[in-house]
Amino acid sequence: MIPTSIYSKKARIKLLIMTVALVIGASTVIYTNLLVAKLSEREQQLIDLYAKGLRYMNNADINSGNLVFIQEEIIDANRSVPVILTDENEEPIAYKNLTLPGKISKKRENNLLRREIAKMKLQHKPIVVEEPGVFKNYIFYKDSELLTQLRYYPYVQLTVIACLSLIAYYAFSYSRKAEQNRVWVGLAKETAHQLGTPLSSLMAWYEYMKGSPRFDNEPIVEELGKDVRRLEIITERFSNIGSVPILKDEPLKKVVENAIGYLRNRVSQKVAFYIESEFPEETTAKVNIPLFEWVIENICKNAVDAMDGKGSITLRITKSNTKNAIALDIQDTGKGIPKTKQEEVFVPGFTTKKRGWGLGLALARRIIENYHQGRLFVKNSEVGKGTTFRMVLNR
């Protein structure tokens, strides 16, 4: 049996990638928010100082020597926060740190400034600069361009991190899948190669026994011939793994009957097989017969094990919801599969038996999905009552 820990590492590494991405993203958001809070506080202080400077200038003696200092060191010191000074009717008087189109009329300029005022109201409450009974002005302002960019920066960075994480995730999945493909192909080719020599010897012995008078009318010779032909089919199957199999339009019911015909004599006699079809006998599907029969055998053998050698297996050719496709359901009366395990049964190495590699269903899905461009999944299952696997094939 292949230890499931070998394959579970894949999920752990993916989880590690996602965890690292989340930690980096969360740290970025928290740190950036701290910077935004500090910069926002600094800009607020700058605007408050700007308002105090305007109040002082409006109330100070025109000949005061402090006016130049206030103008240069406080008013003009604001080089980043956009502000608009208005009268009590919110009509623009002056503005600072706003970029408006050049060479426009005063009316056009006022319209643009009023739009900016509307936006500023949504961000901050205006600051009142007044001398009761004399004048009343408003200072409208909004976040600087730097602060605005900094607010959105973590989201941009999170998007970049998410994209990089997805790329890393799929790159890892692809590399793991490529690695598994190489293992599958290498194992299959080596198996076919190893079977070749004893198979050739068996074929020679079969021909010898068939032509020898000593074995005339011996049923064992014919059975040996069947098993030799079976080994030839198995060798062909392993040879097809890793190469592009040829798919042909084959009568699906006949293919299923042939596959079950071989199994009937090699499993418990207490297992009944039923073949049903909603279509005419000549209905075809695009399959590679040696590989497709292998899938049927793997699923049915698993079903026999799940039923402890006693029960029924129904193979039903039926309609599929997929366009230009046909479905084959394989229903057993076995132990059933819990919902939490219905996808895990296709993972290489997963098995509930004391003996076995846990590769049967994984190989079956690979043959259907990779080589037949179809689908293989657990259609439904109920613990204690049985399981139905569905294959979706192209027509």
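This passage walks through a sheet with its helices, then a surface patch, in a predicted model.

The sheet comes first. Five strands make it up, and reading across gives the order β6-β8-β9-β11-β10, with mixed pairing in an open arrangement. Sitting at the edges are β6 (271-277) and β10 (375-382), each of which pairs on one side only. Going from one strand to the next, the twist averages 15°. As a bit of background, strands of a sheet pair through backbone hydrogen bonds, either parallel or antiparallel. For β10 and β11 (residues 386-394), the sense is antiparallel, and the pairing runs over 7 bridges.

Helix α6 (residues 252-264) packs on it and touches β6, β8 (311-319), β9 (325-332) and β11. The direction of α6 makes about 175° with that of β6. Helix α8 (residues 360-371), for its part, lies across β10 and β11, and runs at about 130° to β10.

Now for the patch. On the surface, Y152, Y155, V156, V160, L164 and I167 form a nonpolar group, and together they account for about 660 Å² of accessible area. Among them, I167 belongs to helix α4, which spans residues 145-211. Is I167 buried or exposed? Its relative accessible area is 54%, and the cut-off for exposed is over 50%, so I167 counts as exposed.

Key: Residues numbered from 1 in each chain as written. Predicted model: local features only at pLDDT ≥ 70, side-chain atom pairs only at ≥ 80, totals over all residues. Heavy atoms only, no water. Patch = residues over 30% accessible without salt bridge, like charges linked within 9 Å, V, L, I, M, F, W, Y side chains within 5 Å. Areas by Shrake-Rupley, 256 points an atom, 1.4 Å probe, with all protein chains shown as cover. Salt bridge = Lys/Arg side-chain N within 4 Å of Asp/Glu carboxyl O. Helix = DSSP H or I, 4+ residues; strand = E, 2+ residues; numbered from the N terminus. Buried < 20%, exposed > 50% of the residue type's maximum accessible area, 1.4 Å probe, protein only. Pairing = 2+ DSSP bridges. Axes fitted to C-alpha atoms, helices over the stretch in contact; angles between N-to-C directions. Contact = heavy atoms within 4.5 Å.
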